[in-house]
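This briefing sets out selected side-chain interactions, grouped by topic. Please read it alongside the sequence and the structure shown here.

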Amino acid sequence: MEITEIIIAGDTPGVEWRLPVFRFKGTKPEAPRTYVQAALHANELPGTALSHFLLGKLRRADAEGAILGDITVVPQANPIGSAQSHFGELQGRFDLGSRTNFNRDFPLISLGERDGLVEDLDRYSATDRLKRQLLHMALGAELVLDLHCDDEGLQYAYINEAFWPEAADLAAALDMKAVFLSDGESSAFEEAVGHAWKNEDKSRKKTSLPGRLSVTVELRGTRDVYPATASKDADGVWQFLLARGVVFGARTDVPAFSGKAVPLDNIEMIRAPAAGAILFHRDIGESVHAGDLLATILAKPGTPEGAIEVRAPQDGLIVTRVSTRFARRRSDLMKIACEEPSRAVRKPGTLEA
């Protein structure tokens, strides 16, 4: 195992950021290369905990000569966001300097342009230098796992349609309850990786990428950071690596993925019709029917007309729920995975900012 640090100079004098990178050299050049990163949104820590337990497994496998393909792990991918504390609360989703989501605005390039990502880095801000170096490392692999989490959520993932259904092995290994099939129309990290692969041959854009995978894994909610949970999730990633021939060892029988796999157009984003306190009537993991009461918004507490009901627009599975209990008008409340497309107009790309 090799541990290195990428040093990112800050945008003001006397500041720099250090990004630890763990690398394991495989013994079979033909085995898939793997890249795993966590906490790109710096306040989403279940992936960091998973990485801690996974690295323990990889160190033991390394000592036994059981690592077949090169593996790179970045357990805390965003030291810039980790330092953004505002009135005691970590602000790890958006760069406070540019107001940009840390998981947006990754360069959309072809695979052949990979080396250009790290040329003349002094031209870019610290955040853009971080993004370019993360993407550069990921494009040296065939399997890319970007570990995130939701506010309150089931285990699920965003997987580009180009990788499905082959990626059902990862969904099964991590016991996911849902998969959102994305359209590759954003500049999020996992979609920037997929974009580079799809456009490897500039004369023909690929629509299927067998043997490759770039995925955003949502490891439940922000507070689901427990040793038993993280260890179980690390076991799941380990089983996935075994199945893909990245590591060698005894495999466990993993039940086939039986959750919902739906396109983004089939996700109902339940939003607050007014501002106020949120009273949830339904929880994540529950199946609902059209018309079911999901939440009540106390827009004018104490008045007869002050409680506004929010109901399900169609049947589906509640996959996520916000952790806050106060809503602004039109703020997100839930994601529901449905069998039919939503009637709401959706822009191409990701569901949220």
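A residue counts as buried when its relative accessible area is under 20%, and as exposed when that area is over 50%, with partly exposed in between. Glu44, at 7% relative accessibility, is therefore buried. The model is predicted, and the values below are computed from it.

**Salt bridges**

- The structure contains 25 salt bridges.
- Glu44 is paired with Arg93 in one of these salt bridges, with the closest N and O atoms 3.6 Å apart. This pair links distant parts of the chain, 49 residues apart: Glu44 is in the loop between β3 and α1, and Arg93 is in the loop between β6 (89-90) and α3 (126-138). Arg93 is partly exposed, at 24% relative accessibility.
- Lys25 and Asp70 form a salt bridge whose closest N and O atoms are 3.5 Å apart. Lys25 belongs to the loop between β2 (16-24) and β3 (34-38) and Asp70 to the loop between α1 (46-63) and β4 (71-74), so the pair ties together parts that are 45 residues apart in sequence. Lys25 is exposed, with a relative accessible area of 63%, whereas Asp70 is partly exposed at 25%.
- Arg346 forms a salt bridge with Asp265, and their closest N and O atoms are 2.9 Å apart. Because Arg346 lies in the segment after β20 (332-337) and Asp265 in the loop between β12 and β13 (267-271), the pair ties together parts 81 residues apart in sequence. Arg346 is partly exposed at 24%, and Asp265 is partly exposed at 41%.

**Aromatic pairs and charges over rings**

- There are 7 aromatic pairs. One of them is the edge-to-face pair of Tyr156 and Tyr158, at 5.6 Å centre to centre with 65 degrees between the planes.
- Tyr158 also pairs edge-to-face with Phe180, at 5.4 Å centre to centre and 75 degrees between the planes. Tyr158 is in strand β9 (residues 155-160) and Phe180 in strand β10 (residues 178-182), so this pair ties together parts that are 22 residues apart in sequence.
- Tyr156 is buried at 0% relative accessibility, Tyr158 is buried at 11%, and Phe180 is buried at 0%.
- Tyr35, Phe106 and Phe189 make up one aromatic cluster. The charged end of Lys131 sits over the ring of Phe106, 5.7 Å from its centre.
- The charged end of Arg132 sits over the ring of Tyr124, 4.0 Å from its centre.

**Surroundings of Arg244**

- Arg244 is located in the loop between α6 (227-243) and β12 (260-263) and is buried, at 14% relative accessibility.
- The Arg244 side chain reaches the backbone oxygen of Glu166 at 3.5 Å.
- Beyond its neighbours within four places in sequence, Arg244 contacts Pro32, Leu143, Glu166, Ala167, Asp169 and Gly211.

Definitions and conventions
Residues are numbered from 1 along each chain as its sequence is written. This is a predicted model: local features need pLDDT of at least 70, side-chain atom pairs count only at pLDDT 80 or more; totals for chains, interfaces and linings use all residues. Side-chain values use heavy atoms; hydrogens and water are left out. Helices (H or I, at least four residues) and strands (E, at least two) are DSSP runs, numbered from the N terminus. Buried means under 20% relative accessible area, exposed over 50%, partly exposed in between (1.4 Å probe, protein chains only). A polar contact is a pair of N or O atoms within 3.5 Å; within protein, one must be able to donate a hydrogen and the other to accept it, and residues adjacent in sequence count only if both atoms are side-chain atoms. Contact means heavy atoms within 4.5 Å. Rings of Phe, Tyr and Trp (its six-membered ring) pair if their centres lie within 6.5 Å; planes under 30 degrees apart count as stacked, over 60 as edge-to-face and the rest as tilted. A charge sits over a ring if NZ of Lys or CZ of Arg is within 6 Å of the ring centre and within 35 degrees of the ring normal. A salt bridge is a side-chain nitrogen of Lys or Arg within 4 Å of a carboxyl oxygen of Asp or Glu.
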